[in-house]
Each structure stands twice: as structure tokens, then as C-alpha cells.
Amino acid sequence: MKRLTGIVKAVSRILDKLAGLCIFSVLLLIIANIVLRTAFNRPILGTYELAGFLTAMGMALALAHCAFKDGHIAVGLIMERFPRRIQSVTAVFVNVVSLILWSAGVWSLVRFGQAMKVRGLVSPSAEIPVYPFIYFIAFGLLGLCLVLLLNSLNSIREVVAIDTAKKVTR
């Protein structure tokens with residue numbers, strides 16, 4: 001389990017670095033566009049589209065690291081009042097359902113990306129192919145699924161450990 005945790009941690013960290021690179025690229029793109037537009041009256045074609053694509057990629061790639069670090073909003077105020085077993089069973093349920101839903105999202109995005117590739121869909125002004133960005137978003141969500149799988153396994157182990165501890169004390 002430690003090995004899987006190490007792999008998931010490394011993958012989520014790499015995805016987070018890529019997300020930072022995407023957001024930094026948006027920053028550079030916007031600054032370059034402002035400078036070129038103001039100084040030379042030559043804006044970068046498709047800045048709006050590229051900024052949107054890169055921001056979407058950055059957000060999707062950052063989700064795995066956020067989930068790994070438990071950086072998301074949780075309903076801890078209510079859950080902490082329940083017994084440990086109920087908390088653990090709820091965690092298993094939430095993690096498994098989340099894994100199923102996000103996996104379906106990844107599958108749908110891959111299919112959607114493939115359809116956009118076949119159709120040859122490009123962005124309106126810069127005519128940039130859309131499908132690579134869709135694939136990157138699916139890749140980021142796949143990283144999130146990996147974290148959810150790890151969380152599900154940890155939650156299941158915790159439920160089993162609680163059951164085992166109860167049997168030993170009886």
C-alpha cells in the first residue's frame with residue numbers, strides 16, 4: 001500500500017506541476033498579448049481561446065494533487081459527530097461513488113475528444129484543434145481517479161480494521 005501511495009503522490013505532484021505550467025502560460029500569454037497590442041498594435045490571435053483552454057487544463061490537472069492533499073471542502077462539521085465506523089463507511093461510499101462518476105467523466109471526455117478529432121473541430125479565430133485539450137483534461141481527471149482509488153482502498157482498510165478491532169475486543 002505504501003508503494004501505491006508513493007506512486008499516486010508522485011503522479012499527483014507531476015500533474016500539479018503541469019497545472020502550474022498551464023496557469024503560468026496563461027499569465028505569459030496575457031502579458032505578451034497586452035504588450036504586443038499596446039506597443040505594436042499586433043495582438044496575439046486566439047489569446048482568448050488559448051487562455052480558456054490552458055485554464056481548463058490547469059484546473060483539471062490540479063484536481064489530483066488537491067484531492068491527495070485533502071484540499072477540497074469537506075463536510076467534517078457534521079461527520080465528526082458520528083461514530084468512527086459510520087464515518088468510515090460513509091467515506092467508502094463517497095470515495096467509491098466519486099471514483100465511478102469521475103471514471104465515467106474520463107471515459108466520456110475521451111470519446112468526446114475522439115469525436116472532435118474525427119470531425120476536425122478547431123477553435124473559431126485561431127483555428128487550433130480542440131481535441132488535444134480535451135485529452136489533457138481527461139488525463140488530469142484520470143489522475144483524480146487514481147487518487148480516489150487510493151482513498152477508496154484506504155477507507156475500506158479502515159472499515160475492515162474497525163471490524164477486526166471490535167471482534168478482538170469481544
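A138 counts as buried, because its relative accessibility is 3%. That value comes from a predicted model. A138 is found in helix 5, which covers residues 131-169.

Which residues does A138 touch, leaving aside those up to four places away in sequence? They are V106, L109 and V110. V106 is itself among the buried residues of helix 4. A138 and G105 are 33 residues apart in sequence. Their C-alpha atoms are 7.8 Å apart in space.

## The overall fold

The protein has five helices and zero strands. Its pattern along the sequence is α-α-α-α-α. Along the principal axes, the C-alpha atoms fill a box of roughly 80 × 35 × 30 Å. The radius of gyration is 21 Å, whereas a compact globule of 170 residues would have one near 15 Å.

How much of the chain is buried? Buried residues make up 27% of the 170 residues. The accessible surface comes to about 11200 Å². Carbon and sulfur atoms account for 70% of that surface.

Helix 1 covers residues 2-40, a run of 39 residues. From first C-alpha to last, helix 1 reaches 55 Å. This is close to the 57 Å expected at 1.5 Å a residue. Just after helix 1 comes N41, with a positive phi of about 55°.

The buried residues of helix 1 are V8, S12, L15, A19, C22, V26, L29 and N33. Residues three or four places apart in an α-helix point the same way, because the helix has 3.6 residues a turn.

What does T47 touch, not counting residues up to four places away in sequence? T47 touches L29 and N33, and both of these are on the buried list of helix 1. T47 has its place in helix 2. It has a relative accessible area of 10%, so T47 is buried.

## Helix 4

Helix 4 covers residues 84-119 and has 36 residues. Why does its length agree with expectation? At 1.5 Å a residue it should span 52 Å, and its end C-alpha atoms are 52 Å apart, so the two values agree.

The buried residues of helix 4 are S88, V92, N95, L99, V106, G113 and M116. One of them, V106, is touched by A138. After helix 4 comes G120. Its phi is positive, near 75°.

## Two aromatic pairs

The structure holds two aromatic pairs. F53 and F133 form a stacked pair. Their ring centres are 4.4 Å apart, with 20° between the planes. This pair links distant parts of the chain. F53 is in helix 2 (residues 47-68), F133 is in helix 5, and the two are 80 residues apart.

Y131 and Y135 form an edge-to-face pair. The centres are 5.9 Å apart, and the angle between the planes is 75°. Y131 and Y135 are about one helical turn apart, because four residues separate them in helix 5. With a relative accessible area of 25%, Y131 is partly exposed. Y135 is also partly exposed, at 26%.

## Cysteines without disulfides

How many disulfides does the structure hold? It holds zero. A disulfide is a covalent bond between the sulfur atoms of two cysteines. Here, such a bond would need the sulfur atoms within 2.5 Å.

Take C66. Its closest cysteine sulfur is in C145, and that sulfur is 15 Å away, so it is too far for a bond. The search from C145 leads back to C66, again at 15 Å and too far for a bond. Their surroundings can be described as well. C66 is partly exposed, with a relative accessible area of 29%. C145 is buried, with a relative accessible area of 6%.

Conventions:
Residues are numbered from 1 along each chain as its sequence is written. This is a predicted model: local features need pLDDT of at least 70, side-chain atom pairs count only at pLDDT 80 or more; totals for chains, interfaces and linings use all residues. Side-chain values use heavy atoms; hydrogens and water are left out. Buried means under 20% relative accessible area, exposed over 50%, partly exposed in between (1.4 Å probe, protein chains only). Contact means heavy atoms within 4.5 Å. The expected span of a helix is 1.5 Å times one less than its number of residues. Rings of Phe, Tyr and Trp (its six-membered ring) pair if their centres lie within 6.5 Å; planes under 30 degrees apart count as stacked, over 60 as edge-to-face and the rest as tilted. The radius of gyration is taken over C-alpha atoms; the globule rule is 2.2 Å times the number of residues to the power 0.38. Accessible areas come from the Shrake-Rupley method with a 1.4 Å probe; for residues, only the protein chains shown count as cover.
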